[in-house]
Amino acid sequence: MASPIMIPERSSLESPSCINLTKAKSSLTSARTAANSIYCPPQLQAALDLQSGILHAEDKDYTTAYSYFYETFENLSSQDDPSALGALKYMLLCKVMLNLPEDVNALLSIKLALKYAQLRDVESMRAVARAHQTRDLAAFEQTLRDYREELSSDPTIRSHLAALYDTLLEQNLLRIVEPYSVVELNTLRSRLSQMILDKVFHGVLDQGRGCLLVFDEAETDDTYGAAIETLEEVSKVVDSLYAKSVKIA
């Protein structure tokens, strides 16, 4: 029979190994439930908080994820555990993904973070924040090259930075095409096509001419919706009158 400590420990180990996000959440919930009913060692509690943060980040809930990462960082730092650095990097990642890159330096000035502030792992996240703050795609690409080991070795950081790169690329493309009505195309057809489908901007790819046609955003016309609502109300009135006529007959 498994000991009480082994139950949350086993479930917490299952969670990061689950490819299915729903199953991972289920395993983590089981682990946290078991941990709440018994004494949970600080290291195990930190592992549970870390996994909770990672799963919330996968759901793009970076505010909640940050809270869990902070709990993990505080817990591990109090034990002088070197893995606290990983939790700090996740905290910095959340600030960037929340479009708050300016908070990175402030975060690194708190007492618990000071001893990590000059490490290369932390400097890599600081460089990401700078590139994001200036919306500088070239600087972002250079940061990924300069800190390849620090930013690519962790699959969680790698995944979110890939999404951030896509966002920065779209923002830069949008800034380029917005002032024009016709843009000649050489590359990035598939990216621009996806942006049109996602309604990032209004336009169409003219394959024959090899160019992008950019349209002004159409004004919303509520006439159609209002007409549908009116017809639905009329239909209800007709149904009501029909029901009454049946009763009279």
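Contact here means heavy atoms within 4.5 Å. A word on provenance: this is a predicted model, where local features need pLDDT of at least 70 and side-chain atom pairs count only at pLDDT 80 or more, while totals for chains, interfaces and linings use all residues. Residues are numbered from 1 along each chain as its sequence is written, and side-chain values use heavy atoms, with hydrogens and water left out.

Back to L107. Its place is in helix α6. Helices are DSSP runs (H or I, at least four residues), numbered from the N terminus. Is L107 buried or exposed? L107 is buried, at a relative accessible area of 7%. Buried means under 20% relative accessible area, with a 1.4 Å probe and protein chains only. From the C-alpha of L107 to that of A117 is 9.6 Å, for 10 residues along the chain.

Setting aside neighbours within four places in sequence, L92 is in contact with V104, L107, L108, V122 and M125.

Next, the core. The largest nonpolar core has 44 residues, and F73, L88, L92 and L161 have the most contacts inside it. By nonpolar core I mean a set of buried Ala, Val, Leu, Ile, Met, Phe, Trp, Tyr and Cys residues joined through side-chain atoms within 4.5 Å. Helices that each supply at least two residues include α4 (62–78), α5 (84–97), α7 (120–133) and α10 (155–177). Which helix gives the most? That is α5, with 11 residues.

On the α4 side, the meeting residues include Y66, F69 and F73; on the α5 side, they include L88, M91 and C94.

Last, α7. It has 14 residues and reaches 20 Å from its first C-alpha to its last, close to the 20 Å expected at 1.5 Å a residue. That expected span is 1.5 Å times one less than the number of residues. Its buried residues include V122, M125, R126 and H132. The cover over the buried residues of α7 includes α5, α6, α8, α9 and α10. Just after α7, R135 takes a positive phi of about 55 degrees.

Definitions and conventions:
Buried means under 20% relative accessible area, exposed over 50%, partly exposed in between (1.4 Å probe, protein chains only).
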